[in-house]
Amino acid sequence: MSAFQAVAWDIDGTLIDSELLHQQALIESSAAFGVDLSDLPDEAFRGVHAFDVWTALWPRFPPGAARQSWLAAIERFYIAQAQSLAPTPGAIEVIRALAKRGIPQACVSNSGRAIVEANLGALGIRQLMAFSISLDDVSEGKPSAEPFLEAARRFGLPVSTIVAVEDSAAGARSARAAGLHVVGYAPAGGAFVGTDRSIAQLSELLGMFEA
């Protein structure tokens, strides 16, 4: 019998190819506030939740710019484009295979609820998830342990029996701090530092659970 009983998936960059859209939403929405962020490197804030992005960027914004208005503009841009997003290769197949094996699954995201729902809708997997956790559901996002500790609480399982699948350093730190078994998704190959295991294809996850 497998020692692992559930999977807690990151979404952005792990289940769905959304990092470019996040970058576009950030740049386009900030431009509406008169802020040019075109100098940012690609994926400058990969895995970083929006509140920390704001903290890093707010000195570039004009006085009086409101974080909530900025976040709302980003969400509107992202949601309007979300249906064009593609799943990560193998993501849907692995989720369905795990569901057939009776493995409970959840999504644990550093995005707000509106973006999480847009991603779940684009992927068509909402009904296969036991629940989802967004930045709106916790007091601290990744790399805090709180999102994954909340996932373990909702699963009702010991943290050591839950596999977290992450593609970012912040997400991996969060899952490790919570005590989950951390799988780093590194499609380019190579080791994912700070994880218990690295995989280049999501299908490798199936070997951790009995058919």
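Contact means that heavy atoms lie within 4.5 Å of each other. The structure used in these exercises is a predicted model.

**Exercise 1. Find the place of S174, decide whether S174 is buried or exposed, and list residues in contact with S174.**

Solution. 
Step 1. S174 belongs to helix α7, which covers residues 169-178.
Step 2. Buried means under 20% relative accessible area. The relative accessibility of S174 is 0%, so S174 counts as buried.
Step 3. Leaving aside neighbours within four places in sequence, the contacts of S174 are K142, P143, S144, A145, P147 and F148.
Step 4. Two of these contacts, K142 and P143, are joined by a cis peptide bond, with omega about 20°. In general, most peptide bonds are trans. P143 is found in the loop between β3 (131-133) and α6 (146-155).

**Exercise 2. State the order of the strands in the sheet and name the edge strands.**

Solution. 
Step 1. The order is β3-β2-β1-β4-β5-β6; these six strands form an open sheet with parallel pairing.
Step 2. β3 and β6 (197-199) each pair on one side only, and they are the edge strands.
Step 3. From one strand to the next, the twist averages 25°.
Step 4. β3 and β2 (residues 105-108) pair in the parallel sense over three bridges, and A106 has F131 in β3 as its bridge partner.
Step 5. β2 and β1 run parallel and are joined by three bridges. Here V7 stands opposite Q105 in β2.
Step 6. On to β4: β1 pairs with β4 in the parallel sense over four bridges, and A8 stands opposite A164 in β4.

**Exercise 3. Work out which residues of β1 lie on each side and whether they are buried or exposed.**

Solution. 
Step 1. In a regular strand the side chains alternate between the two faces of the sheet.
Step 2. In β1, A6 and A8 are on one side, and V7 and W9 are on the other.
Step 3. All four are buried, and both faces of β1 are covered.
Step 4. Now look at helices on the sheet. α4 lies across β1 and β2 and runs at about 155° to β1. α5 also packs on the sheet: it touches β2 and β3, and its direction makes about 140° with that of β3.

**Exercise 4. Identify which residues touch the most other members of the largest nonpolar core, and which element gives the most to this core.**

Solution. 
Step 1. The core has 47 residues, and those touching the most other members are W9, L15, L98, I125, L202, L205 and F209.
Step 2. Elements that each supply at least two residues include β1 (6-9), α1 (19-31), α3 (67-81), α4 (91-100) and β4 (162-166).
Step 3. The element that gives the most is α4, with six residues.

**Exercise 5. Classify the aromatic pairs F4 with F209 and F33 with F61, and say which parts each pair ties together.**

Solution. 
Step 1. The model has six aromatic pairs.
Step 2. Planes under 30 degrees apart count as stacked, over 60 as edge-to-face and the rest as tilted.
Step 3. F4 and F209 are 6.5 Å apart centre to centre, with 55° between the planes, and the pair is tilted. Both residues are buried.
Step 4. F4 is in the segment before β1 and F209 in the segment after β6, so this pair ties together parts 205 residues apart in sequence.
Step 5. The ring centres of F33 and F61 are 6.0 Å apart and the planes are at 65°, so this pair is edge-to-face.
Step 6. F33 lies in the loop between α1 and α2, and F61 in the loop between α2 and α3, so the pair ties together parts 28 residues apart in sequence.
Step 7. F33 is partly exposed, with a relative accessible area of 24%, whereas F61 is buried at 8%.
Step 8. F33 and F61 also belong to a cluster with W54 and W70, linked by ring pairs.

How values were computed
Residues numbered from 1 in each chain as written. Predicted model: local features only at pLDDT ≥ 70, side-chain atom pairs only at ≥ 80, totals over all residues. Heavy atoms only, no water. Core = buried A, V, L, I, M, F, W, Y, C linked by side-chain atoms within 4.5 Å. Buried < 20%, exposed > 50% of the residue type's maximum accessible area, 1.4 Å probe, protein only. Pairing = 2+ DSSP bridges. Axes fitted to C-alpha atoms, helices over the stretch in contact; angles between N-to-C directions.
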